[in-house]
Amino acid sequence: MTESRVAAAQAWLAEHESDLIADLQTLLRFPSIETEPVPGGPYGQANLDALHWMLGQAEAAGMRTVNQDGFGGYAEFGSGDKQVLTMGHLDVVPVGPGWSYDPFGATIADDGYLYSRGAVDDKGPTMAMFYAARAVQATWPDVPVRIRSFFGCDEESGFGCVHHYRELEEPPTVGVAPDAGWPLVHGEKGIADFLVESSAGALTAEKVRLVAMAGGQRPNIVIDHATARVKVSADARGHVEAALAKAWDRNVTANWQGDELAIEAVGKAAHGSTPFMGDNAAGRIFRLLREISPLPDQAFYHELVYMAHPAGDGLGIAGSDDPSGILTSNLGIVELVDGVLRLTINVRYPVTFDGGSLQSRAEAKLAKLTGGFRLAHFKDSVPLYFPKDHALVRAICESYEQETGEQREPGTMGGGTYARAVENCVAIGTGWAGDGEAHQTDERVRVEHVHKMARIYARILVKLVDVALAS
């Protein structure tokens, strides 16, 4: 029976391929970058317009729809106590220069790709999933579960939409978010922000005193530019100048401004889940300050250099597990305000670890340091993890293999998707080689890949009905 249901849904998709692409192009043309709130739209007019249009498409298809105060909304069909939830988002990140096509033009080029911001993340997969749901609705009118499609408007800026959803709705029986790699991500690392503060060490030193420092904008981005100023006493200037003459880091510049040394460093940005792919500019400054400082002050900067270590050594929390690999740590924001140095460190920790234990380990480590460091604030988002033999994981892996003939193991990731915010959900795949990278210039998806996604998603939905009924 399952195969006949899948075949019927995929036949419907084949008949509506042109409609799928036309609707995707319309959705992509909404410039749904978060802006100032408008009445009924907490994330700006373009996001509200995209949400209204998406819910209108669902209503036209005969689905029940709910607009959740402009934060997001959902469309639903079917009946029963069990619910299969899909979660996609309509918001996109800003666009930069260098695009080959209008980033909101939804151009289909001669190479067979559809170019647009959101083509991969996440409007393309969201529309493919919506059409998969429409296919199931059209070919299985008495489906014995509720199949619900959630459309969020704040995935890129804080998950406010899905948190609002959870305040209003019950958890699904099972669910998927099409916003990851194939066949699925069965583990998303825990995400924790550590705010470390100090008002001691070189902040009060007499000879080389740190008086200003700034770098970074978000915890989850490697700092690519940082600045600092240190006040140097007259009797220490000769030592500092001699050390500067030996300085080797050409990405760091230092210039005298009276009795102060102004320092600037350039690094390389990267996502906070992969800090080793970037180069932390603040860490470069800490290293230079250690090299030029008198011996009594070097310990403070030595400790700061380790705070920027991408494996969490400076916080005493380094570690790994078999399902998800190593813990990663990103020093994302550095600021010196009113004599207090503040370090915001974004940590992605293994799925079998406990955030509370990491907090305790960090507090114990900081207490042993010489720089007067303390953990001022700790914010934790617990990991998502489903074993490989879980029915939800097996159903998705089987669906992918049946559609593609390719066996793939489920993966884990350091990033976070909607799935971590809603119980009983995992993130599933969205594209293949050749499709453009999310958040990058010339984001793109091959048109045939959109249809391929829809076919796989339809099979997954049919299988998840069985999983939900058996739960």
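A cavity here is a set of points, on a 1 Å grid over the protein atoms alone, where a 1.4 Å probe fits but cannot get out, and lining residues have an atom within 4 Å of a point; a volume is the space filled by probe spheres set on the points, which are joined across faces, edges and corners. The model is predicted, so local features need pLDDT of at least 70 and side-chain atom pairs count only at pLDDT 80 or more, while totals for chains, interfaces and linings use all residues. Residues are numbered from 1 along each chain as its sequence is written, and side-chain values use heavy atoms, with hydrogens and water left out.

**Exercise 1.** Describe the volume and the lining of the second largest cavity.

*Solution.* The volume of the second largest cavity is about 30 Å³. Its lining consists of Ala 247, Trp 248, Asp 249, Arg 284, Arg 287, Leu 288 and Glu 291. Sorting these residues, with Asp, Glu, Lys and Arg as charged, Ala, Val, Leu, Ile, Met, Phe, Trp, Tyr, Cys and Pro as nonpolar, and the others, Gly among them, as polar, gives three nonpolar, no polar and four charged.

**Exercise 2.** Work out which elements supply at least two residues each to the lining of the largest cavity, and how that lining divides by residue class.

*Solution.* The largest cavity holds about 50 Å³ of space, and its lining includes Thr 86, Met 129, Ser 149 and Pro 178. At least two lining residues come from each of β3 (83-89), α4 (123-139) and β6, where helices (H or I, at least four residues) and strands (E, at least two) are DSSP runs numbered from the N terminus. By class, the lining has six nonpolar, four polar and no charged residues.

**Exercise 3.** Trace the pairing of strand β2 (residues 72-78) and state how many of its residues are buried.

*Solution.* Two strands pair if DSSP finds at least two bridges between them. Strand β1 (residues 64-67) pairs with β2 in the antiparallel sense over four bridges, and Val 66 has Tyr 74 in β2 as its bridge partner. Four residues lie between the strands of this hairpin, in which Asp 69 takes a positive phi near 60°. Strand β6 (residues 146-152) is also antiparallel to β2, over seven bridges, with Ser 149 in β6 as the bridge partner of Ala 75. Finally, six of the seven residues of β2 are buried, so the strand is largely enclosed by the rest of the structure; buried means under 20% relative accessible area, with a 1.4 Å probe and protein chains only.

Notes: Buried means under 20% relative accessible area, exposed over 50%, partly exposed in between (1.4 Å probe, protein chains only). On a 1 Å grid over the protein atoms alone, a cavity is a set of points where a 1.4 Å probe fits but cannot get out, and a pocket is an open set with protein on both sides within 12 Å along at least five of seven lines; lining residues have an atom within 4 Å of a point.
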